[in-house]
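Here are some notes for your copy of the model. Please read them with the coordinates open.

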Amino acid sequence: MSRIAVIGAGAWGTALAQVYASAGHDVMLWARENALADSIQRTKENATYLPGITLAANIRATSDLEKALKEDIILNVVPAQYMRSILEQMKPYLRPDQPMVLCAKGIEIQSRQLLSDIVREQCSNPVAILTGPSFAIDLVKGKPTAATLACTDKHLAKRIQESLSSKTLRLYTSDDVIGAQIGGAIKNVIAIACGIVGGLDLGESARAALVTRGLAEIARLTVALGGKRETLMGQCGVGDLMLTCSSQQSRNFSFGYLMGQGQSAEEILSQRKSVTEGVTTAKAAVQLAKDFDVDMPITESVHACIEGRMSISDALTEIMERPARGELT
């Protein structure tokens, strides 16, 4: 059994901690807030992000980074826009032999960097990406789930796969860390667009078309950044799109749904505790697409609607009136 540190005690981090503790691993769950860490340790429940779920007795919670980072494998679940700052705090306590598995999805706005690139800038730890179609509530209840584990070092990928696969979480390896990250990040933007379609009651046909063209956008950006188009046929691409673009459980889909019903982005976000990653990813992705001259009309429209620069009706008209093109271009 492995000693695992989960950095980030939101719903997803807590669910991962529960899966691995239930599988017999020694798990340390780090929370930024002292009160949350103390509450989890005392009550064995994350009442803020996963209320009503009794956590395994062998999950230890702490707000002390030095203490948390004594474990053998690090699962970093901190949201994308806070990744750089948490890595700076972690750096003094890291050992170079500790694999860091990134479990968050997104692109840093300021630098337009993928999360793996930020880790490589900040520390020397080997990096892997864990991403795919999985809701925290399904995972924490022991329902079967699958995900992609991407790592450029195939031997390390195999070792992490053996450590982190469980009876309820099946991991498939890939060496394409770019494709895995772009797929996981941009699908949140496409999910917002699909939520808007749902909120407007435009029908399942419209949503299916949007998912398909969204996948084309993801593929164009993936290839431009040096990733592989075929990576997106796996859990981190098609799998994640199928889940996130069709369920109110998705924070991004539900965000778009409320926008489609007339609420502003500011109103929706003000009522939420958890991060809606697609909002910030849309901004970063639009900038990145410009840098690499990649056409991403759905992403651009979602970003414009979030910022209030374009009405939803105008965005729909603009997309439907685009020049005709080939299916795979």
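1. Two strands are taken to pair if DSSP finds at least two bridges between them. The model is a predicted one. In it, strand S1 (residues 3–7) and S4 pair in the parallel sense, with four bridges between them. Within this pairing, Ala-5 is the residue opposite Ile-74 in S4.

2. On its pairing with strand S5 (residues 100–102), S4 runs parallel and is joined by three bridges. Here Ile-74 stands opposite Met-100 in S5. The chain gets from S4 to S5 by way of helix H4 (residues 83–90), and this β-α-β crossover is right-handed.

3. Helix H8 covers residues 177–199, 23 residues in total. From its first C-alpha to its last it reaches 34 Å, close to the 33 Å expected at 1.5 Å a residue. H8 is mostly covered, with 21 of its 23 residues buried.

4. What caps the N-terminal end of H8? Asp-176 does, through a side-chain oxygen that lies 3.3 Å from the backbone nitrogen of Ile-178.

Definitions and conventions
Residues numbered from 1 in each chain as written. Predicted model: local features only at pLDDT ≥ 70, side-chain atom pairs only at ≥ 80, totals over all residues. Heavy atoms only, no water. Helix = DSSP H or I, 4+ residues; strand = E, 2+ residues; numbered from the N terminus. Expected span 1.5 Å × (residues − 1). Buried < 20%, exposed > 50% of the residue type's maximum accessible area, 1.4 Å probe, protein only. Polar contact = N/O pair within 3.5 Å; in protein donor to acceptor, adjacent residues only side chain to side chain. Right-handed = clockwise from strand over helix to strand, strands pointing away.
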